[in-house]
Amino acid sequence: MTRRTTLPRLLPALDGGSRARLAYGADYNPEQWPREVWHEDVRLMRRAGVNIISLGIFSWARVQPDDDVWDFAWLDELMDLLHAHGIAVDLATATASPPPWLTTAHPEILPVTAEGATVWPGARQHWRPTSPVFREYALRLVSAMAKQYAGHPALAAWHINNELGCHNIYDYSDDAARAFRLWLRDRYESLDRLNHAWGTAFWSQRYSDWEQILPPRLAASHPNPTQQLDFKRFSSHALKDYLCAERDILRRLTPETPVTSNFMVMGGTKGMNYADWAREVDFVSNDHYVHPGPQDRDELSFSANLISGIAGGRPWYVMEHSTSAVNWQPVNVAKRPGDLARDSLLHVAHGADGICFFQWRQSAAGAEKYHSAMVPHAGEDSAVFRAVTELGATLDELAPVAGSEREPAAVAILFDWESWWASEQDSHPTSRLDYRQEALDWYSALLALGIRADVITTDTDLAPYRLLIAPVLHVVPGDLADRLTRYAEGGGHLVTTYFSGVVDENDHVWLGGYPGALRDLLGIRVEEFGPLLDGDAVSLDGGFTGTLWADRVDVTDPAVEILARYGSGEHTGCAAVTRRPVGSGSATYVATRLGPDGLTGLLPRLLEAADVHSELPATARGQVELTVRRAGGHRYLFLVNRTDEPAALPGLAGDVLTGDLGGARTGAGDELPGGHEDAPQSHLTLPPRGVAVLREPAP
Ligand code: GLA
Ligand code: GLA
């Protein structure tokens with residue numbers, strides 16, 4: 001269980017820790033700069049309102065210049081300097097990048113690719129999560145750091161390693177093979193059970209000794225799919241196990257100091273099952289970078305929302321995002337005016353109590369010298385630093401929201417790492433399926449309709465949600481099928497899609513027709529998958545267009561209602577969207593990919609059936625995103641203008657905590673948005689890309 005550390009308590013250095021506030025800061029890499037710059041740094045940090053920084057992330061070679069040689073003097077000086085200026089430290093364990101002396105003495109810590117190539121030093125994160133030698137050296141460093149800084153007044157939190165798995169999630173070395181076998185023994189207990197689970201009767205793969213089992217290294221053809229799925233599970237577990245090894249040392253030596261490790265819930269980063277990791281840290285933190293594109297801010301919102309789900313609705317921390325351009329995309333575009341603040345506040349809207357950047361001062365040398373920072377190459381006289389300083393002031397105004405939790409929505413999207421991994425494996429009906437994109441499309445459609453939704457993982461209680469959307473829920477073990485059935489029988493409205501319910505936890509097909517484990521609940525049967533060729537599309541009545549996939553759906557329960565039929569293609573006239581009434585709930589199947597626009601057209605019927613309505617004034621739906629945080633008798637309404645046009649919010653009122661609302665503050669007090677017909681009419685207007693936060697008493 002995640003311990004309930006609230007972030008204001010991470011900031012003991014200011015005000016004696018008494019005033020609740022949001023954390024604000026960055027990764028700080030002072031080893032790249034001479035000492036004079038450190039003093040300039042703390043001056044500017046104060047100006048910007050920075051109150052916490054992450055220190056020491058890549059400092060291994062500096063703290064331990066050689067085996068048995070330690071140098072803490074420079075870090076002691078920095079810890080003291082930061083503390084003297086009221087800045088708290090999220091101190092890294094410094095294990096992210098092993099120094100050259102270590103990799104030269106012990107090249108057996110270097111990862112190995114599926115093809116058998118060594119991943120050489122020269123960048124960072126060149127270490128095997130399962131190497132006993134790496135662990136010995138790294139954990140010695142963790143102990144040394146913890147002993148050196150235990151009780152230091154600047155120490156607010158521990159930052160384990162950095163972005164575990166960013167570059168080394170899949171290692172196929174002999175160490176990995178040994179650890180994989182141990183993990184498999186634990187999971188299956190006997191070779192017979194493993195042989196069954198992996199379906200090794202296929203292609204003569206039967207194992208007669210544990211030692212014969214390997215990671216799925218480069219093979220002549222498609223490697224065993226359950227072996228691949230288990231290797232994904234194992235690789236996530238191995239890094240989590242390493243995280244726990246560092247954490248256990250920290251908890252022993254500094255039991256009062258909360259521990260985190262920056263996750264990477266963003267875009268296609270899928271190797272680490274963070275739903276499984278979250279309970280191991282004292283508070284959840286995340287790194288997020290925007291990938292420019294048509295759904296880029298929807299994706300930011302989706303990621304922040306998923307992190308909130310992983311954190312159980314409790315506050316979390318943005319450990320890294322960017323003030324402007326990054327340096328690792330094909331084209332690295334600077335953020336536009338307003339983006340820095342809006343991106344940051346959208347994270348706060350979804351429960352972030354801390355907003356930090358990579359990094360404090362833009363590097364002059366090294367691989368990331370063209371990556372933006374809080375202090376850019378241009379220096380403090382720059383638009384970026386002015387925006388950074390303004391954001392610091394805004395976060396200060398938002399201090400009252402610190403510690404508040406997310407108010408659950410009526411709608412949830414179920415996000416499942418196992419289905420993500422399994423649905424995108426090779427040798428499938430199509431290689432074009434993108435699990436996260438399908439989930440994001442549903443989320444974009446909900447945003448377009450002004451419907452607040454939570455993104456949740458499979459360990460979440462489903463009962464509070466009136467509408468549960470489970471896109472491409474491919475892996476459905478028997479107990480999950482039972483839970484979903486009970487959910488619908490209990491009055492919940494379940495929606496799922498093509499390629500759902502198909503396999504169990506061993507990636508074995510549920511026989512008798514698709515969608516396998518969910519067939520009876522949905523009252524339908526699909527005999528053959530319907531992937532579509534690139535460029536092919538089918539029309540549906542209602543004016544929708546389906547791409548990627550178009551199942552031929554046979555209705556098996558006469559109670560099933562057909563919400564849409566195919567209007568073109570092989571299955572013209574057949575059901576494409578079905579709904580089966582189940583008790584007071586229902587179970588809906590969408591047999592094709594409708595994309596954000598099609599889903600925006602379909603969803604109103606599903607929402608209506610579930611009695612879910614937008615909480616936003618009609619004119620603001622789609623233009624404004626609403627989230628709600630709640631604490632201590634207050635609701636905090638975050639209103640984020642998603643567009644480049646001003647957004648009118650008629651009828652909306654409340655106590656404005658922050659945000660330029662056209663000066664039309666009504667002070668009317670406690671009306672719910674769109675709630676009371678006789679509420680005094682206000683004329684709040686959000687500027688383009690603007691954000692406002694209103695406070696009202698909780699009912
Ligand atoms: C990651 C790392 C940082 C930095 C940024 C650049 O998030 O943790 O050290 O490399 O990417 O975007
Ligand atoms: C080849 C092989 C078969 C089977 C088919 C699948 O023909 O001989 O074992 O793999 O491909 O198309």
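**Close-up 1. The surroundings of ligand 1 in a predicted model.** Eleven names make up this view. Phe58, Arg124, Asn162, Glu163, Asp287 and Tyr289 are among the residues around ligand 1. Glu320, Trp328, Phe358, Glu368 and His371 also belong to this shell. Sorted by class, the shell holds five charged, four nonpolar and two polar residues.

**Close-up 2. Side chains that reach oxygen atoms of ligand 1.** Asn162 places a polar side-chain atom 2.8 Å from a ligand 1 oxygen. For Trp328, an N or O atom of the side chain is 2.8 Å from an oxygen of ligand 1. A polar side-chain atom of Tyr289 lies 3.4 Å from a ligand 1 oxygen. On its own, ligand 1 would expose 300 Å², and the protein buries 97% of that.

**Close-up 3. Helix 6 from end to end.** This helix covers residues 174–188. How far apart should its ends be? With 15 residues at 1.5 Å a residue, helix 6 should span 21 Å, and its end C-alpha atoms are 21 Å apart, so the two values agree. At the start of the helix, a side-chain oxygen of Ser173 comes to within 3.4 Å of the backbone nitrogen of Asp175. Just past the helix, Glu189 has a positive phi of about 65 degrees.

**Close-up 4. The buried residues of helix 6 and their partners.** Asp175, Ala176, Ala177, Ala179 and Phe180 are among the buried residues of helix 6. Arg181, Trp183, Leu184 and Tyr188 are buried as well. Which helices do the buried residues of helix 6 pack against? They pack against helix 5 (132–149), helix 7 (191–197) and helix 8 (225–253).

Note on methods
Residues numbered from 1 in each chain as written. Chains lettered and ligands numbered in written order. Predicted model: local features only at pLDDT ≥ 70, side-chain atom pairs only at ≥ 80, totals over all residues. Heavy atoms only, no water. Near = heavy atom within 4 Å. Polar contact = N/O pair within 3.5 Å; in protein donor to acceptor, adjacent residues only side chain to side chain. Areas by Shrake-Rupley, 256 points an atom, 1.4 Å probe, with all protein chains shown as cover. Nonpolar A, V, L, I, M, F, W, Y, C, P; charged D, E, K, R; others polar. Helix = DSSP H or I, 4+ residues; strand = E, 2+ residues; numbered from the N terminus. Expected span 1.5 Å × (residues − 1). Buried < 20%, exposed > 50% of the residue type's maximum accessible area, 1.4 Å probe, protein only. Contact = heavy atoms within 4.5 Å.
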